Amino acid sequence: MTDHLRSTPSYGGKLSLRQMMIVFLLVISGAVTAVNGWIIWNSWNSALNTARDNAHNLAQSLSRQAEDTFLQVDLTLQDLRDRIKLIGLRHERNGYLQSMLTERKAALPQLSGIFIYDAAGNWVVTSDGNIPQRANNSDRNYFRYHATHDDPGVHIGTVIRSRSSGRLVIPVSMRLNNDDGSFRGVVMASVSLDFFRTVYGYYNLGRQDVLALMQNDGTILYLRPFQDSAVNQNIASSPLFTRLLKDAPSGTAIYKSALDGVERVFGYASLPRYPLVVAAGYAKQPLMQAWLPTISVYIALCTILLLLLMWLGLLLLRHISLDLANQQELTRVRDKLTASNHTLQSLALIDSLTGLANRRHFDLWLQRSIERSQKLHTPLALMMIDVDAFKAFNDRYGHPAGDACLTQIASALSALPHRSDDLIARYGGEEFAVIMPGCSLPAAAAFARRAIAAIAALQIPHGDATAVQQVVTISVGLQVMTGGKDALSGPRLVAEADNALYAAKRAGKNRLVIYGDEPDNAGPSPED
């Protein structure tokens, strides 16, 4: 009897341990299920975020393309309007105007034609020289707009069918005025819808993915892959126009399309210069269909593993192993995220065009250098550099050539010998800046003169340059401050270097001017 009573606690202990093991296994099973559910959910969110990034990048790219397309037409119409103001619309001038319109149309592949109408809407001159009898466009919306509005800017209308070519076009027009400001007529360039059809056709998209060019009131100008019947439809009720564009000019969102009700991951961007919006949308259902096969394999494997662990009763040990593996994976993910964050932080301080430090990097480095100069009582040199006659260069050779010119100048400045503490930055537009901590005035001036010589040595042709060699040159303004209590603030140091730069510009460009010196005493540039 005594032995039997003694054995009961042992039996009860075994049952308790078994129950605890069952509870433990259930807890572990639930935890594993929850973790895998989180991983699956996170994987889907990652797929959506990737689609968001792709849609946003695509929308930004297409908005830049659209802005360049309409900017070229805008500049062409401005030029034509200025010439018409000078020579008038007299019949004897029509041959000259027609030749000029033909040349402008040939230079812009997006154009279907260029037309000039008088105040009554009659055709005066066309790029193809063809003027049908009694041709009149006074009934067109864009013509009526200019007849009733004195807005001198460009007007982008809804899609119309051209009366000269029969094709769908986007009218881009500008008002012509008499000397007294009264309505004189309209100059109009028709942008072919086929141009956007071709450009948007370059992108490899799914059957339900869309690319759209719209006016900012929700009117569709072009929508891929929809038929032309979607053109000029208004989707102002879409969340894009009711909410999103009011919050930010660009971004991403997931919502159902107002046209077909398909839920898509949208990226959108409005054009800074023109009342247009570009959107790129990836259908959500195909994204899920592409994601499911991969995640289904993962789910199946996890389910089999979990069943095996429970059946063998080794869930605890296997969970420990899985936990360690998960911890290692999480550590790797964390390290990757940390590295990615460092990379993103570095990219946020780099100018995307030239590869130099950007304005934000410049501001941070200048403040740090001033504090160091105050603390160590060392000098600090700041150079402001501007490309001479760069607007004329852009107007003559085009913005792509201007970007290439800035890239070459940035490379040449970076190649000049300098210390690791020196910072060469793109300050903005065609302006660069160099911060040289601990640099004396003679050393900084010598660097500036080498920079002027290096840019001139690039021999970048510039037909509108004031330099004798007709090449791209730079002007440099220099200020060197002493350290300690006499240190200047960042804005004042920039302002004084800028004043020296403007003095160099006024003195003839392609030279260095030191703040406080007269331009003539600042020393000639290497070109002089």
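Select His462. Setting aside neighbours within four places in sequence, His462 is in contact (heavy atoms within 4.5 Å) with Asp388, Ala389, Ala392, Phe393, Tyr397, Gln470, Val471 and Val472. The model is predicted, so to speak of local features takes a pLDDT of at least 70 and side-chain atom pairs count only at pLDDT 80 or more, while totals for chains, interfaces and linings use all residues. Residues are numbered from 1 along each chain as its sequence is written, and side-chain values use heavy atoms, leaving out hydrogens and water.

**Stay on His462**

His462 sits in the loop between helix H11 (441–457) and strand E15 (474–481). Helices (H or I, at least four residues) and strands (E, at least two) are DSSP runs, numbered from the N terminus. Is His462 buried or exposed? His462 is buried, at 1% relative accessible area. Buried means under 20%, exposed over 50%, and partly exposed in between, with a 1.4 Å probe and protein chains only. Ala389 is 73 residues from His462 along the chain, yet their C-alpha atoms are separated by 8.8 Å.

**Next, Ala381**

Move to strand E12 (residues 380–387), where Ala381 lies. Ala381 is buried, with a relative accessible area of 0%. What is in contact with Ala381, apart from neighbours within four places in sequence? Show Val434, Ile435, Met436, Cys439, Ala444, Leu478, Gln479 and Val480. Then pick Ala443. From Ala381 to Ala443 is 62 residues in sequence and 9.3 Å in space, C-alpha to C-alpha.

**Two cysteines**

Select Cys439, one of the residues in contact with Ala381. Cys439 is buried, at a relative accessible area of 6%. Go on to Cys405, which is also buried, at 1%. How many disulfides does the structure hold? The count is 0, taking a disulfide as a pair of cysteine sulfur atoms within 2.5 Å.

**The open sheet**

Colour five strands in this order: E8-E7-E11-E10-E9. These 5 strands form an open sheet with antiparallel pairing; two strands pair if DSSP finds at least two bridges between them. Strand E8 (220–224) and strand E9 (250–256) are the edges, each pairing on one side only. From one strand to the next, the twist averages 20°. Axes here are lines fitted to C-alpha atoms, for helices over the stretch in contact, and angles between N-to-C directions run from 0 to 180 degrees.

Zoom in on strand E7 (residues 210–215). E7 runs antiparallel to E8 and is joined to E8 by 4 bridges. Find Leu211: Arg224 of E8 stands opposite.

**Helices on the sheet**

Show helix H4 (residues 193–200). H4 packs on the sheet and touches E7, E8 and strand E11 (276–283). The direction of H4 makes about 35° with that of E8. Then show helix H6 (residues 284–312). H6 lies across E9, strand E10 (263–270) and E11, and runs at about 35° to E11.

**A helix pair**

Select helix H8 (residues 359–376) and helix H12 (residues 490–506). H8 and H12 pack at about 105°, and their axes are 10 Å apart. Which residues make the contact? H8 brings Phe362, Leu366 and Ile370. H12 brings Gly490, Leu493 and Val494.

**Zoom out**

Show the protein chain. There are 12 helices and 16 strands. Of its 528 residues, 43% count as buried. Among contacts with a separation of 6 or more, 60% come from residues 24 or more positions apart.
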